[in-house]
Structure formats: structure tokens, C-alpha cells
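The following note sets out numbered remarks on the structure shown below. Please read them with the sequence and the model at hand.

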Amino acid sequence: MRRWPVADRELLILCKDTEHAARGVYESSCASAVNDQLPVGEGRVRAHIHGAKWHFEALPDGRTLIRFKGSIDPMGPLPKWFVGSAQKFVSSTTISGLVNAQKWLGVPPIERFAHWGGGAGATITAETSRG
């Protein structure tokens, strides 16, 4: 059986979450982590996040602004067309995919944020930069 010519990627990250309750803002900033007890999986390449930030903000009209900005170095050789296509796909689908997964799994919102979104949905933006 022939395998795809690109090795599977994995990430090991550490995130710091910050809540600004008075402003109705919750943020999560992530970066790559190193842990000798968690070696790279067999046949994989460990990509590096040089900075990733999720920003959730309650809007006055009851919607939630969701913004993601990040830079990932996939490490190792990848065709430029593949990197460009992956960035566009991930940028446009990650946030809506997370919202859909939450709904599908029936995971209730965290109580102190339950009023965010108010059934009106989310305003979604994504920014990526090449690293």
C-alpha cells in the first residue's frame, strides 16, 4: 500500500487562558512545548506553533466574536501548494468546526459564558501568518 508522500504532523502545545470578565473577553494563548517524556510519534514530524491566540468576546447584540490568529511552522518539506491550501482550509473551517462539534456532542456551555451568543450565533474571523 502506498502512503501519502507527506509525513503526518503532530503538535505539543501549552496554553495560558485569561478571562477579562469586566470586558466580556476570554483569551487563550498557545505555543509549542517541549517534554522529553512525550517523544515525537513514529513516522511523524512535530510542527511548531510560534504563536496562536484565541479571542472570544461577548458583543452588545448577544453574539460572540471569535477570532483566531496564529503562525505554525509545519517543519520538514511540504509542497508550497499544499501549505497554501491547508492554511486556507484550516482558517475557514476550524472555528465553525469547533462550534458544530460542541453542538453535536451536546456539551453544555460553561455557565459563566452561557449568555454569550444568545442564540444569535457567532461572528467568526481567522487570521493566519506564515511562519
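This is a predicted model: local features need pLDDT of at least 70, side-chain atom pairs count only at pLDDT 80 or more; totals for chains, interfaces and linings use all residues.

1. W54 counts as buried, because its relative accessibility is 17%; buried here means under 20% relative accessible area, exposed over 50%, and partly exposed in between (1.4 Å probe, protein chains only). F56, at 25% relative accessibility, counts as partly exposed. F68 has a relative accessibility of 18% and is therefore buried.

2. Residues are numbered from 1 along each chain as its sequence is written, and side-chain values use heavy atoms, with hydrogens and water left out.

3. How many aromatic pairs are there? The count comes to three, under the rule that rings of Phe, Tyr and Trp (its six-membered ring) pair if their centres lie within 6.5 Å, with planes under 30 degrees apart taken as stacked, over 60 as edge-to-face and the rest as tilted. W54 and F56 form a stacked pair, with 6.1 Å from centre to centre and 10° between the planes. W54 and F68 form a tilted pair, at 4.7 Å centre to centre and 45° between the planes. W54 lies in strand β5 (residues 48-58) and F68 in strand β6 (residues 64-73), so this pair ties together parts that are 14 residues apart in sequence. Ring pairs link Y26, W54, F56 and F68 into a cluster.

4. Helices (H or I, at least four residues) and strands (E, at least two) are DSSP runs, numbered from the N terminus. R46 is buried, with a relative accessible area of 17%, and E10 counts as buried at 17% relative accessibility.

5. What joins the side chains of R46 and E10? They are joined by a polar contact of 2.7 Å, the term denoting a pair of N or O atoms within 3.5 Å; within protein, one must be able to donate a hydrogen and the other to accept it, and residues adjacent in sequence count only if both atoms are side-chain atoms. A polar atom of the R46 side chain also lies 3.0 Å from the backbone oxygen of L38. On the E10 side chain, a polar atom lies 3.2 Å from the backbone nitrogen of G41.

6. Contact means heavy atoms within 4.5 Å. Leaving aside residues up to four places away in sequence, R46 touches E10, L12, L38, P39, V40 and M75. With that exclusion, the residues that E10 touches include P39, V40, G41 and R46.

7. For the chain as a whole, the secondary structure comes to one helix and seven strands, following the pattern β-β-β-β-β-β-α-β along the sequence. Of the 131 residues, 20% are buried. Among contacts with a separation of 6 or more, 63% are between residues 24 or more positions apart. The chain exposes about 9500 Å², of which carbon and sulfur atoms supply 59%; accessible areas come from the Shrake-Rupley method with a 1.4 Å probe, and for residues only the protein chains shown count as cover.
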